[in-house]
Structures are given as structure tokens and as C-alpha cells.
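Q: I have a structure open and want to go through parts of it. Can we take it piece by piece?
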Amino acid sequence: ALLVCMPQKANLWCCNTTVTTPITQAHETISSLQTLVLDGYLSKEDNEHAAKDFGNIYHFPPLAVLYPKTVYDISRTIKHIYEMGSGSELKVAARGHGHSLQGQAQSHQGLVINMESLQGTEMKVHSGEFPYVDVSGGELWINILHETLKYGLAPKSWTDYLYLTVGGTLSNAGISGQAFRHGPQINNIYQLQVVTGKGEVLTCSENQNSDLFRGVLGGLGQFGIITRARISLEPAPMMVKWIRVLYSEFSTFTRDQEYLISLENTFDYVEGFVIINRTGLLNNWRSSFNPKDPFQASQFNSDGKTLYCLEMTKYFNPDETEAMNQDVENMLLALSYIPSTLFQSEVSYVEFLDRVHISSMKLREKGLWEVPHPWLNLLIPRSKVHHFAREVFGKILSDTSNGPILIYPVNQSRWIIGETSFVTPEEDVFYLVAFLSSAISLSKGKHSLENILTQNKRILDFCNNAQLEIKQYLPFYSSQEEWKAHFGRRWELFVQRKSRYDPLALLAPGHKIFQKTL
Ligand code: FAD
């Protein structure tokens, strides 16, 4: 019942939205696109999937979907629309794997470009001193992992879930537990091929068309469609030592996290999560982790407490096990976690990186994957995170039963690429706090979409009122004023880039940043 009804509810939301597109003109533009000679094809039928995303809250049907086979299909199509001028009334959204949360990859009564059709473009791995792989913008990260591993290599920076496309994550940032050392995924790109909002195909990097390069990285798809990317690689380890420990004090937890990310020789991945009012926590862990001290672990009781879990990994190859264990032991000695809560596991590198997929399969089986996901992702300056935690964990949120809350710091002073479009707090160290909620109930109550959205709003209101100077990650706003505030001093540059690369504001309408020609 949930799967059938939630989209209906969501459609109501869609109907309440003011739509300015004159439909007849858009239909005419689509008809004229049908005269183009393409390597792929344009479809006006069976396009319901393009009105869906992982968020499952907004559903905006397009008029047509382009399934491009080549970059020229994309450039011809966009050029054609661009040359029709602002009267074409057709907006264009690139759709990666559709794992957006609020319709960002949708185009209401417009055109959606199915980027995964480009996937067939060959992946090319280059070894050498600075190894890299060239991939299509519609490639899934999981496929890149498997391909590069054939050469003993892998990308350095990941997202927690790998069934996302290169174009989709690079349009945001791509952040996970490796970001403190390597920066987000956008910091590990050598070169891009982009189709601009004028239909030009441009290659860009730090040395060539660098303004476009920086603009597109974290640019929410506003300046061009990423059709190829050159991603930097490193030697891949075979194994991963995966460790979890618990804290009852937020200040000790964050002190240890910040200590670990400040070291040169440290773990390869540092994340963390908040647990509020959960029972039998450590028993759940036992299916995949081993307690260092089983007896002490069995005495630990998580009931009712607010706890903070620090999660770390160390990569290694089987012949380095002893040295790795010694390193890990030394690093753990410097931490102040609750001793009885040290849990460890050793898994393959692929198993670790693909961990969320395994959980997603379990949720799918229970019908709990395709529910609405009112997620909220915040970037919080280090100096404000304690104030945030005091008010939110245990007060605004009385438990974590709606889904996990991730929390971990990154240090942007180590990032190498200059000013991209990705907006972060001003301080070098800031925390990613991700409320990954699922609305599993239709009726009112704790697990309902309405309740979770209200809770998210309370969190945002608190941040604003307390002037915490947070930024949203995977941002969602409905007015240009809010976008302006989001970009702050970088708004002007963002607008300049828009008028340079997509002056008719054709691209990525789902973000609702620019509604009209500039
Ligand atoms: P889509 O949803 O298809 O598109 C996202 C945006 O990018 C849209 O605006 C779209 O128009 C634009 N776009 C898509 N392809 C292109 C292209 N080729 N060129 C230009 N613009 C394009 N994010 C993290 O940073 N770290 C995480 O650990 C993480 N974990 C996640 C786990 C799950 C289960 C989910 C659902 C999301 C997660 N995300 C994470 C968020 C994710 O990175 C973004 O939602 C991302 O945009 C999804 O990629 P996609 O291919 O599905 O993009």
C-alpha cells in the first residue's frame, strides 16, 4: 500500500507547484527535435521513470527522454534547443542514476537526458606515475571500481554508496570518509568533457577552460553536462581493517575524530554516526564485527543513551597484516572510546566500499528502499558543531529510529582544486552531518513524511536562529533569494558562469535556481 500511495501523495505536491512553461511551445520543440539525426534516440513514451528519484517526494513528468549514444547526440540536441532561443520553452535535465532527493534530475514538461545510455563508452585505465581512468559521465562508480581493480588501481575518494553516476556526484561534491585526506571526489578529477548550455563540446581542466572546469565541479549541473571525466587513481589495497568504537561524550568523540584527521599517518577512512535511544546495538554489530573483548562487550548496555560511534578503516595487503595491526593498535591507544565497545572486522576492499549496496538489498527485500527519503545533509563549521549537537541530538531528535545520522569532519585546507562551485562553511575543518531518514509510514506519527519534514525544518530553523553558519549539502531551496544566501559571496561568480555557459537557463531546472534567460 505504501509503494502505491506515496507517489499519489507526492503528485499532489507537484500539482501545487506553479508551472510557467507554455506547454504547446514545448511540445513543438520536442517535435522539431524528432527531426534530428541521432546515434541514440528520443522517446516520448513510457517516461514515468524519469519523474522518479530516490527521494520519492517530487514527481515531475518530462515530455520526452533522450537516450544518447554519443556526446554528439547531446550536443546536437542542446544546440538545436539553444538556437530556437528562449521561445523553445524546453528545459533539459541530465539524469544520472536518479538518486537525487528532491527532483533535481527531473524536468517538468521538459527533456530528460538519460546519461546512463552513454555508459557503453569504453573506460580507459592509464597506469604510470599519476594513474587515471577516463570514463563516461553516465558511468556508475561501482563499475569504475571493478574496472580499475583489474589494473590493481582504484579512485581515491568515494561516496558511501556506489550506484551513483560520475556526473551526478561530481555535480555535488562526492563526500565520504576518505575526503579528509583526498578531498571530495571533485578534488580528484584531472579533466572533464562538458556539453554547455549552448551545445558546445568543451574539454576542461585546471589548465584548459579552467573557469568552466571549476564551475562544473559542484555546479549542480548548471553550466554543462559532464560527458567524460578523467579520474585520478591510486594503488588499490586488497583488504580493509574496519573498526567501530563508541563514546558517550560528544566532546571526546569529536576530539578524537579531529585528532585522527589531523595526523599524516592515520586511518584511510574516518566517519561516525549518532545513536539515540537504541536497544541491543552491539548485538546487531556482532553479525559483521567481532568484539575485542567479548565478555566486556556483552556487559555493555546501550538502552536509552545517546552514543557516538567512531568508524575507521585501515587498508592493507595480506603480506602487511602484522605491520598494519601494529599501526592500528598504536593509533587506537591515543583514543578515549569506551573500552568495552571496540569492534573489528577484516573484509575485502570491494566488500567495504560496496557496503551500502548490501544493506540496500536487504531493505529492498522488505519493501523499505522505495519509500520517501526526506534526507537533510548539513555542513557545520567545527566551532559550531557542539552547539548544534547539544540542541539537536536528544532534544529536537529523541531517537534515531527514522534512519542513520552520519557525522564526521573534513579539512578543506588540504584540497587542491581552486574555487569550485561547491559551497562549504568558511572554517577549514567542518562536519558533514547527514540525517538519512526514511518515511516508512503513511499515517501521521514518528515515521511519517510529514513528521520528518517538520523535524528537518526545526533543525534548519535552529541553525538559522542560532547563526551557526551552516551550509546545506545536496542543497534544496525553492526561491532564488535562498540560493543567493546559500552561495553568499560566490553568488555573483555563479551567475556570471551561468550567463557564460547556459545563458538561456536551459540546464538542470530541478534545482530551481534560474527560471529565466539571463
Ligand atoms: P542524479 O540524481 O541523476 O542527478 C543529480 C544532479 O546532477 C541533477 O541535478 C542532475 O541534473 C545532475 N547530473 C546528473 N548527471 C549529470 C551529468 N552527467 N552532468 C551534469 N549534471 C548531471 N553523496 C555523497 O556525496 N556522499 C555519499 O556518501 C552519498 N551517499 C548516498 C547514498 C545514497 C543511498 C543516495 C541515494 C545518495 C547518496 N549521495 C551521497 C548523494 C548523491 O551523491 C547525489 O544524490 C548524486 O547526485 C546522485 O547521483 P545520480 O547519478 O543518481 O544523480
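Q: Which residues does L468 touch, not counting residues up to four places away in sequence?
A: L468 touches I380, K384, H387, F388 and C463. Touching here is contact, where the C-beta atoms, placed from the backbone, lie within 7 Å. This is a predicted model, where local features need pLDDT of at least 70, side-chain atom pairs count only at pLDDT 80 or more, and totals for chains, interfaces and linings use all residues. Residues are numbered from 1 along each chain as its sequence is written.

Q: Where is L468 found?
A: L468 is in the loop between α15 (449-465) and β19. Helices (H or I, at least four residues) and strands (E, at least two) are DSSP runs, numbered from the N terminus.

Q: And why is L468 called partly exposed?
A: Because L468 has 18 other C-beta atoms within 10 Å. With 20 or more a residue is buried, with 12 or fewer exposed, and in between partly exposed, using C-beta atoms placed from the backbone.

Q: OK, sheets. What is the strand order in the open sheet of 9 strands?
A: The order is β13-β15-β11-β14-β12-β17-β18-β16-β19, with antiparallel pairing. Its edge strands, β13 (290-291) and β19 (471-473), each pair on one side only. Two strands pair if DSSP finds at least two bridges between them.

Q: How many bridges join β12 to β14?
A: There are 8 bridges between β12 (residues 269-276) and β14 (residues 306-316), which run antiparallel. G272 has L310 in β14 as its bridge partner.

Q: What about β3, which residues are buried on its two faces?
A: In β3 (residues 92-95), V92 and A94 are buried on one side, and A93 and R95 on the other. Strand β3 is joined by 4 bridges to β4 (residues 111-114), and the two run parallel. V92 stands opposite L111 in β4.

Q: How far apart are domain 1 and domain 3?
A: Their C-alpha centres lie 36 Å apart. Domain 3 covers 239-346 + 369-469.

Methods
Domain bounds come from an automatic or database domain assignment. Two residues are in contact if their C-beta atoms, placed from the backbone, lie within 7 Å.
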